[in-house]
Amino acid sequence: MFINSGSSTPTFVFPGDAVSRLLPGQGDFTCCTLGHCVNGREIACDKPKIHSVLSALIDSKLERLLATGKLLEYRYLTATRAHFLQGLSDAPAEADTRSTDDMTVEKLKKRLKWTDGDAKVGASSGWNLLKYAAIAGEVGAVRALLRGVASMSSLQKRQYIDAPLSQEGAKPLLHLHVPVRCTTLILTACFGKLHHLEEVLSLLLDAGADPHAAEGAYGMSAFISAAAFGRLESVKFFFERYPSAVRLEQPARGVGLTPLLYAAFFAPSPSQGPVVRLLLEHGADATYIASTGRTALLCSALNDQCD
C-alpha cells in the first residue's frame, strides 16, 4: 500500500488486497490463538474492540464521501459495510420481522440517499437499486424489486438483473476491484453480506441472473470470482445449489486461469486452503497448466501458501 501524503487516498499495488486479503477480521488474533486465557486468567477477545474502531472509521468515511459529493462511493461502502466487518462479530444483525418487503425497499432508499432520478442513472451505469440490495443482503428488498420486473420482456429483465457495470459505473471504484461489466451476481458472490447470502444468490439465479456472465477485466464469472476472493460460502453454494454454474476446467479470459489456479494464487490465507480443497474434492485438475505456464502448485507458492 502506498500513501503519497497525509491527505492522499491510500493506493494498493493489487486492488484485491484492499477488499479480500487485508480484512481485519481475517487476521490472526493472539487472544484467540491463546484460547482467551493467559496464565490461567481469562482475557477478553480483541475482535469486538476492532469492530468498534473499524465501524467508527467507516462512519467517518461515509460522512466524508457525502460531504464531497461522492455518492456512488458512499452507496457502495454502505452496501458492503458488513463485508469489511466480517469476522469481527459472531452475532448477525437481528432481522426486521415487522417490515414488509416494500418497507424494506423504502428503508434501503433512505440509507442510500436514493431519489427517483437515480433509477434512470442506474439503468445506464449498472448501479440499480437491486444491485445495492443484493450486496447489502436485504432479502426483502431483493424480493420486492424482483417482483417489479415480472412484466418486463426477457431481455429487459436480464439487463436489469445482471446490470453489468458500464465504464462510467466502474471507474470510481476500480481501486476497490470493481471492474467494468461486473454483474450483480458477481458482486454479491464476492462481497455480499454473509448473513442471507445463499438466499439472495438463489433469488437472483431463480429470477434469471446469468451465472456465466463475466466481468470485463479478466473474464471471470461469479463462480471463478468467488473462488479467487476466497468466498468459501459462495463456492459451496454453487456446488450444492447451482452445479450448472460450475465450470471447473474452463479458464477465464485474460491470464487463462481456472477456478483452482485463481483460488491458489489470489485467495486470502484463512479461506484459501478450504476453497482449494473443496475445488479438488469436486474434481478440479491440479495438473492443469495455464497459457502463462502457471500450475496450481506454482500459484500456491507465489501466494506464500505452505499448506
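Visitor: I'm new to this one, so which residues form one aromatic cluster here?
Guide: In this model, which is predicted, one aromatic cluster is formed by F223, F237, F238, F239 and Y242.

Visitor: And how many aromatic pairs are there?
Guide: The count of aromatic pairs comes to 10. One of them joins W127 and Y132, whose ring centres are 5.2 Å apart and whose planes meet at 25°; since planes under 30 degrees apart count as stacked, this pair is stacked.

Visitor: Are W127 and Y132 buried or exposed?
Guide: W127 has a relative accessibility of 3%, so W127 counts as buried, and Y132, with a relative accessibility of 1%, counts as buried too.

Visitor: Which rings have a charged end sitting over them?
Guide: The ring of W127 has the charged end of K131 over it, at 5.9 Å from the ring centre, and the ring of F265 has the charged end of R294 over it, at 4.6 Å from the ring centre.

Visitor: Where is R294, and what is R294 in contact with?
Guide: R294 sits in the loop between α16 (269-281) and α17 (296-302), and with a relative accessibility of 26% this residue counts as partly exposed. If neighbours within four places in sequence are left aside, R294 is in contact with L261, F265, Y288, I289, C299 and L302. The C-alpha atom of R294 is also separated by 9.7 Å from that of V255, a residue 39 places away along the chain.

Visitor: Changing topic to helices, how do α5 and α8 cross?
Guide: The axes of helix α5, residues 101-112, and helix α8 come within 7 Å of each other and cross at roughly 105°, which makes α5 roughly perpendicular to α8.

Visitor: Which residues make that contact?
Guide: From α5 the contact is made by D101, D102, T104, V105 and L108, and from α8 by G140, A141, R143, A144, L145 and R147. Sorted by type, the residues of this contact between α5 and α8 divide into 5 nonpolar, 2 polar and 4 charged.

Visitor: What about α4 and α11, at what angle do they cross?
Guide: The axes of helix α4, residues 71-85, and α11 cross at roughly 40° and come within 9 Å, and α4 and α11 are therefore oblique to each other. The residues making the contact are Y76, T80 and H83 on the α4 side and L187, C190 and F191 on the α11 side, and the residues of this contact between α4 and α11 divide into 4 nonpolar, 2 polar and no charged.

Visitor: And α9, which of its residues are buried?
Guide: In helix α9, which runs over residues 154-162, the buried residues include Y160, I161 and D162.

Visitor: What follows α9?
Guide: After α9 comes A163, whose phi is positive, near 45°. P164 lies in the loop between α9 and α10 (167-170), and at 29% relative accessibility P164 counts as partly exposed.

Visitor: What is P164 in contact with?
Guide: Leaving aside neighbours within four places in sequence, P164 is in contact with S125, G126, Q159, R181, C182 and T183. By comparison of C-alpha positions, P164 and T80 are separated by 18 Å and are 84 residues apart along the chain.

Definitions and conventions: Residues numbered from 1 in each chain as written. Predicted model: local features only at pLDDT ≥ 70, side-chain atom pairs only at ≥ 80, totals over all residues. Heavy atoms only, no water. Phe/Tyr/Trp six-rings, centres within 6.5 Å; stacked < 30°, edge-to-face > 60°. Buried < 20%, exposed > 50% of the residue type's maximum accessible area, 1.4 Å probe, protein only. Lys NZ or Arg CZ within 6 Å of the ring centre and 35° of its normal. Helix = DSSP H or I, 4+ residues; strand = E, 2+ residues; numbered from the N terminus. Axes fitted to C-alpha atoms, helices over the stretch in contact; angles between N-to-C directions. Parallel < 35°, antiparallel > 145°, perpendicular 65-115°, else oblique. Contact = heavy atoms within 4.5 Å. Nonpolar A, V, L, I, M, F, W, Y, C, P; charged D, E, K, R; others polar.
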